[in-house]
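Look at the picture first, then read on.

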Amino acid sequence: MDRPNIVLTGFMGTGKTTVGKKLAQQLDYAFVDTDELIQERAGKTVPEIFQEMGEVAFREMEGAVARELADRQGVVISTGGRLMLDPGNAAALSRTGRVFCLVATPEEILDRVSRDTTHERPLLAVPDPMERIVELMQQRQEDYGQFPQMVTSEKTPDAVTNNLIGLFQANPDQRVSITGAGKHYEYIVGGGLLPFVKNLAGIAGPVAIITDTNTGPLYAQSCGPVDAVIQVPPGQQHKTLTMVQSICEQLIEKGFERNGTIIGLGGSVISGLAGFVAAVYMRGVDLVHCPTSLLAMVDTSIGGKAGINLPQGKNLVGAFKQPTAVIADVATLQSLSPEEFSSGMAEVIKHSLIDDAALFAQIEGGSWAREAGTLVPPLPDLQALVAQAIQVKIRIVQEDPFDRGRRNLLNLGHTFAHAIEQVCEHTIRHGEAVAMGLVAAASLSARLGHCAPELQERLKPVLVDAGLPVRIPAHIDLFRVYEAMRRDKKAASGRIRFILLRAIGDVFVSDTVEREQVMETLENLKA
Amino acid sequence: MKQLQIQGASGSSTLLVGEPLRHLSRHLPSRPPIIITDENVHRHYADQFPAGHVITIGSGETIKTLDTVTRIYDELMQLEADRSCCIVGIGGGIVCDITGFVASTYMRGVRFGFVATTLLAQVDASVGGKNGVNFGGYKNMVGTFNQPDFVLCDLEMLPSLPEEQRQCGLAEIVKHAAIADADMFAYLEQNAPLALALDREVIERLVYDSLVIKSTIVNHDEKEAGERRKLNFGHTFGHAVEKVTGVPHGQAVSIGMVLAARLSRRRGLITAHEEQRLQDLLAQLGLPLRKTFDQKAVLEALGKDKKREKESVHFVLLNGLGNCIVTDIPLAELRELPGC
């Protein structure tokens with residue numbers, strides 16, 4: 001979506017209409033005041049509608065207007081004081097717009113309202129309006145609290161407008177629409193998105209965050225108030241059915257019901273766990289991925305796969321679960337260790353090899369290795385990298401949501417990688433194994449005459465620059481690696497399926513590779 | 001044999017009513033299937049199974065756990081079953097529920113089908129795409145929605161069913177007729193003795209009609225947002241009564257339908273005559289109409305149903321025989337219901 005709406009909510013007298021009109025003018029957006037729109041359509045003023053048709057009728061009109069405006073873009077929407085307090089309205093408008101709640105002190109509100117003679121304020125037709133304002137504000141405080149606040153007290157409307165434009169444009173989110181298995185959702189990439197997650201994902205009901213004990217303390221609070229935060233120990237070894245069981249137990253204990261939404265906040269282990277739990281808890285609840293690692297952002301959070309490990313291997317059990325949104329806050333990458341960052345780069349490089357030669361050239365030309373404690377590159381570059389890398393996977397999974405064909409291509413390097421990881425008992429990182437697997441795939445492709453031998457020579461320095469290995473550790477038993485590949489769930493009737501390269505950006509599937517050629521390739525890559 | 005094709009969000013299912021187990025291999029891919037069944041079915045019918053590995057589980061609701069599922073995963077791994085395998089559950093509702101869940105999650109989903117061996121499984125558990133296991137004291141707390149490729153309903157096995165199991169199936173058949181098909185209801189009234197005797201022709205029509213009704217409702221709403229709730233007629237009370245008194249499911253549903261019909265009549269949605277017709281039919285089929293139970297405990301159990309939302313309960317009421325509505329009823333109103 002190029003021009004997301006801006007939705008202004010807040011108490012009466014906080015300047016929604018005044019600021020809204022100025023915002024619309026500066027951004028070249030349309031402006032809609034929901035109360036005015038309703039009055040125009042009904043041919044009656046709001047107090048008349050309340051009197052003649054009742055409040056229920058008015059709320060229904062608000063609902064209709066909210067749904068209608070949610071389908072438009074490029075509109076600044078100034079909402080009636082209570083419109084956004086309806087969860088359905090808030091969910092609809094948040095889906096396509098950024099919501100801001102304007103706030104002011106009661107004194108200032110009374111002052112502004114008294115000076116404004118264009119509106120009737122039936123709610124304030126009481127002997128002591130000040131007392132009434134304080135009372136109403138207290139009632140609604142919690143509901144308004146779910147939206148990002150913009151203080152307007154002692155600011156001119158122009159100053160408020162400029163502040164909002166600053167917030168809105170400082171890091172314009174990049175949004176990519178994804179259609180998977182008949183469901184439509186958005187992948188939103190930006191810096192500092194976590195505080196807006198509930199709005200961006202359009203969540204209306206109860207929320208449970210599933211995260212790990214590394215990520216939770218850092219970011220769970222950023223997501224605003226939620227109904228449950230479930231923390232699991234970090235690491236692949238905890239992506240088990242036992243952990244699924246423990247999470248479900250905690251959800252039951254918290255009274256988490258079918259109308260709830262699970263937010264998976266963390267790396268790829270969390271994506272898998274949260275995804276699987278959301279797929280099976282009460283036969284399915286809504287899921288929002290908030291990936292906090294590069295690997296999870298460019299890979300695991302896309303495509304709706306949720307996998308759980310068995311003692312016999314990785315992701316041997318799982319489900320397809322499409323999220324309602326993916327919100328990738330690249331600011332969270334700042335807390336990644338250099339090794340984790342490199343691990344994610346392995347998938348970025350894989351994506352470029354599969355279907356984006358330009359991205360490969362871009363990575364080749366840049367320097368992506370992270371030095372300890374510093375974030376290289378800067379946030380906007382990271383955002384751009386993530387936004388481009390996800391396109392490859394999104395394109396492919398959209399064509400094949402249930403992994404029955406083209407999606408195999410995403411396994412480039414992974415047939416090797418999964419087997420190597422398994423034989424090492426997961427003592428090396430997934431990204432490291434993928435890097436070895438990518439070199440193996442390029443090498444095998446060259447051995448079989450599908451691509452030039454130069455391809456792997458071009459690939460290796462790119463991996464090394466990203467802090468990744470290009471050789472298989474000497475202690476690894478290659479016979480066991482081959483056996484593990486044969487047992488992989490991608491293998492059909494014992495035939496191993498490889499993704500091979502013709503060139504950078506051009507790959508294909510083959511299940512006719514002989515054992516001998518695979519073994520020789522592996523031998524050659526041994527350190 | 002009658003055949004029905006249903007199209008759901010998760011794929012299409014072929015339902016074969018009156019197709020015997022011994023014809024199973026006609027509906028399978030060429031590779032031998034992996035069969036999941038329970039001890040009982042295995043003991044009586046193993047000689048009719050097609051060639052293929054058989055995984056046997058115990059019987060009873062207590063076997064429907066993640067532990068059983070884990071044990072089956074283990075066995076599948078030992079068999080080196082890959083993504084191209086086909087799993088067939090041969091048994092009643094419990095076998096279907098477990099098989100559906102295992103097949104939907106093993107390797108993120110493999111092909112699967114059912115041979116439903118009980119009347120209840122044939123008219124209920126085998127269609128609709130729901131599967132799951134019990135967890136934390138709640139039924140079907142963990143599961144997925146996923147349609148099997150095919151369901152065989154072997155009617156020749158039904159006469160060997162124990163009385164209790166037969167009642168369960170008949171109660172669901174009455175439910176389907178009552179909520180959606182006045183003609184079927186009349187047919188049931190005319191043929192109740194034959195239905196009770198499991199007459200081949202009558203049962204074939206009743207199973208088929210039930211499947212049409214259930215699959216139509218399910219197709220409208222694969223995710224229980226609204227339409228599917230209709231299938232809970234008699235079950236809201238039924239589950240609570242079952243939990244509190246321990247009566248078999250079919251009997252509990254029968255009692256639940258009687259209570260729901262009374263509520264419908266009190267609200268003027270059906271006449272006293274229609275209420276009587278439902279009771280008469282249930283009685284003819286040997287199903288109980290009432291039972292003394294602890295009212296407070298039943299109401300408490302109602303509040304704990306996992307489908308509960310807040311202070312009221314989604315309730316299915318008849319709106320004339322052969323039609324129904326779903327409505328929210330405050331728990332307070334249920335307290336006033338005589339006989340409850």
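In this predicted model, 25 residues of chain B are in contact with 26 residues of chain A. Three elements of chain B give two or more residues each to the side that touches chain A: helix H2 (66-78), helix H3 (93-105) and strand E8 (138-142). H2(B) gives the most, with 4 residues. What classes of residue make up this side of chain B? It has 10 nonpolar, 9 polar and 6 charged residues.

How far can the model be trusted? The scores are ipTM 0.86 and pTM 0.78. For chain B, the mean pLDDT is 90. In that chain, 95% of the residues reach 70 or more. Where pLDDT is low, the predicted coordinates should not be read in detail.

**Chain B as a whole**

Chain B holds 13 helices and 11 strands. Its C-alpha atoms fill a box of roughly 60 × 40 × 35 Å, taken along the principal axes. Does the radius of gyration of chain B agree or disagree with that of a compact globule? It agrees, because a compact globule of 340 residues would have a radius near 20 Å, and chain B has 20 Å. Buried residues make up 49% of the 340 residues in chain B. Now take the contacts in chain B with a separation of 6 or more. Residues 24 or more positions apart account for 70% of them.

Helix H10 of chain B covers residues 249-266. Its 18 residues should span 26 Å at 1.5 Å a residue, and its end C-alpha atoms are 26 Å apart, so the two values agree. H10(B) is mostly covered, with 15 of its 18 residues buried. After H10(B) comes Gly268(B), with a positive phi near 75°.

Helix H12 of chain A covers residues 268-280. From its first C-alpha to its last, H12(A) reaches 18 Å, close to the 18 Å expected for its 13 residues. H12(A) is mostly covered too: 13 of its 13 residues are buried. Met282(A) follows H12(A), and its phi is positive, near 50°.

**A hairpin in chain B**

Strand E10 (residues 312-318) and strand E11 (residues 324-330) of chain B pair in the antiparallel sense. The pairing runs over 7 bridges. In one of them, Val316(B) has Val326(B) in E11(B) as its bridge partner. E10(B) and E11(B) form a hairpin with 5 residues between them. In the turn, Gly320(B) has a positive phi of about 80°.

**Positive phi in chain A**

Most residues other than glycine have a negative phi. Asp28(A) has a positive phi although it is not a glycine. Arg283(A), also a residue other than glycine, has a positive value as well.

| Residue | Phi |
|---|---|
| Asp28(A) | about 60° |
| Arg283(A) | near 60° |
| Met282(A) | near 50° |

Where do Asp28(A) and Arg283(A) lie? Asp28(A) sits in the loop between helix H1 (16-27) and strand E2 (30-33) of chain A. Arg283(A) is in the loop between H12 and strand E11 (286-291) of chain A.

Is Asp28(A) buried or exposed? Asp28(A) has 8 other C-beta atoms within 10 Å. Exposed means 12 or fewer, so Asp28(A) is exposed. Arg283(A) has 22 other C-beta atoms within 10 Å. Buried means 20 or more, so Arg283(A) is buried.

Definitions and conventions
Residues numbered from 1 in each chain as written. Chains lettered and ligands numbered in written order. Predicted model: local features only at pLDDT ≥ 70, side-chain atom pairs only at ≥ 80, totals over all residues. Expected span 1.5 Å × (residues − 1). pLDDT = per-residue confidence, 0-100. Contact = placed C-beta atoms within 7 Å. Nonpolar A, V, L, I, M, F, W, Y, C, P; charged D, E, K, R; others polar. Rg over C-alpha atoms; globule rule 2.2 N^0.38 Å. Pairing = 2+ DSSP bridges.
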